[in-house]
Amino acid sequence: MTRPTSIVDNPLVRQAPISGLLALSAFLSVVMPSLAITQHDLFVASVIGMTVATLLSAIPTLVRRAAWVVPILLTVDFLTIALLRTGTGAGSSLFTAIVVLPVVWWASLENRRTVVFAITGVVLVILAPYVLTPSDAPGASELVRLAILVVVFVTVAVVVHELSRRARLSLRSAEAREGKVRAEIDRAAAVQRSLLPTTTGRITDDVVVAGACLPARSVGGDFFDWYPTPTGVAVSLGDVMGKGVGAGLIAAAVRATLRSARTVEDPADALRRASDGLTAEGVGPDLAFTTLFHARISDDGTLRWSDAGHGLSFVLRADGHVDRLRSGDMPLGLGIREEWATAEGTLEPGDLLVSFSDGVLDLYDDLDDTIDSVAAIARAGRDPHAVVLALSARADEVPHDDDVTVIAIRRQPVEVDTERPLAMHAD
């Protein structure tokens, strides 16, 4: 996994405090009489060096190739500080301490040789007056103080390099762990997707179904399902509190329990089995609860359904009227009032049953607006696939923080063959 470039790796960001202090030193040397400029030509050269280093770090095309720009920048910085120190009093200059900034920068880089480069830079700054102005160089006794400065800065370089090395190791270890976690989450997401129905369209002679689940994260807490039963079709839509792998595991458990109740004709009994499964797994109200809509559609069009705190389902009748499938029952997993009722109605030919998760509410203004909008989408197409595609497109356009899941089931109208001639009977 490639680590993204940090802002602190940008040479311009690292160079800014060095250039700022050099500019401030040059300004103070000019305006304050007590800070004498002893070598004007060297002082001017230091200002030119500071300008070159700043411009070099600010060129975007070079910044992107920081691997070779940084050594050049640091070399220019050390030379600039050496010129500034020599031009403002050599051994008596107040600006020698600025060298700690390029020392820290260079020592923080990877590779042990950077410590040697940092030490070399410090020695260059300390000994510059003896080379550039030998006639005005500090006395031999000053070498003792300078040697102590070298030892101090070398110690700083070694300590910074070691701390930076440990920080890089820690970061790489964290990135490796993150990579493993992401891989596990990706596998969990793939497993969750594999549990959703993979076939759409006609699942019985007269029932057409479609669904979609758009998790807010890689793994979501929503699920939908449909499957044939001995007497018709079962459909479900659930929404587990929360997001992520934990919610996904609970959603998979609820779905599996409902599937195990394929031969149970009463939807409320199927919900009780799902609730018992959660209790057996030790999932209580302190961990998660699940809202769930579960319905059975018989071959003769009988619609029997139970709603565990979901309340986001309706039937669009063939004449355009909307029947909300309301319920006052509690979600699964709360540990209170573990009873659910079964309501009964009909799904006539041409009727469309739609159920969706509360993530769809984020796509509209409020509950009533959501119901009206989804019903309008259903009226416009009256095809389960069209409803699912329209809401999926809406989810792509409108920001939302929750999983968006929808399922649509239509009982097809009876097709009448109008081209077949009627039989004639003679008297």
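A crossing of two helices is termed right-handed if the near helix is turned clockwise from the far one by less than a right angle, and left-handed if it is turned anticlockwise. In the predicted model considered here, the crossing of helices α5 and α6 is right-handed. Two packed helices are described by the angle between their axes and the distance between the axes. For α5 (residues 100-107) and α6 (residues 113-132), the packing angle is about 165° and the axes lie 8 Å apart. Because angles over 145 degrees count as roughly antiparallel, α5 is roughly antiparallel to α6. On the α5 side, the contact involves Val103, Trp106 and Ala107, which meet Thr114, Phe117, Ala118 and Val122 of α6. By class, six nonpolar residues and one polar residue take part in the contact of α5 with α6, and no charged residues do.

The crossing of α1 and α2 is left-handed. Helix α1 contributes Pro11, Leu12, Gln15, Ser19, Leu22, Ala23, Ala26, Ser29 and Val30 to the contact, while α2 contributes Phe43, Val47, Met50, Ala53, Thr54, Ser57 and Ala58. In the contact of α1 with α2, 11 residues are nonpolar and five are polar, with no charged residues.

Helix α10 spans residues 367-381 and comprises 15 residues. The distance from its first C-alpha to its last is 22 Å, close to the 21 Å expected at 1.5 Å a residue. Within α10, the buried residues are Thr370, Ile371, Ser373, Val374, Ala375, Ile377 and Ala378. An α-helix has 3.6 residues a turn, so residues three or four places apart point the same way. The cover over the buried residues of α10 includes strands β7 (313-316), β8 (322-324) and β10 (352-356), together with helix α11 (384-397).

Alanine 343 was examined as an individual position and is located in strand β9 (residues 343-346). Alanine 343 counts as partly exposed because its relative accessibility is 26%. When neighbours within four places in sequence are left aside, alanine 343 is in contact with Leu303, Arg304 and Trp305. The C-alpha atoms of alanine 343 and aspartate 266 are separated by 9.7 Å, although these residues are 77 residues apart along the chain.

Definitions and conventions:
Residues are numbered from 1 along each chain as its sequence is written. This is a predicted model: local features need pLDDT of at least 70, side-chain atom pairs count only at pLDDT 80 or more; totals for chains, interfaces and linings use all residues. Side-chain values use heavy atoms; hydrogens and water are left out. Axes are lines fitted to C-alpha atoms, for helices over the stretch in contact, and angles run from 0 to 180 degrees between N-to-C directions. Helices (H or I, at least four residues) and strands (E, at least two) are DSSP runs, numbered from the N terminus. Angles under 35 degrees count as roughly parallel, over 145 as roughly antiparallel, 65 to 115 as roughly perpendicular and the rest as oblique. Contact means heavy atoms within 4.5 Å. Ala, Val, Leu, Ile, Met, Phe, Trp, Tyr, Cys and Pro count as nonpolar, Asp, Glu, Lys and Arg as charged, and the others, Gly among them, as polar. The expected span of a helix is 1.5 Å times one less than its number of residues. Buried means under 20% relative accessible area, exposed over 50%, partly exposed in between (1.4 Å probe, protein chains only).
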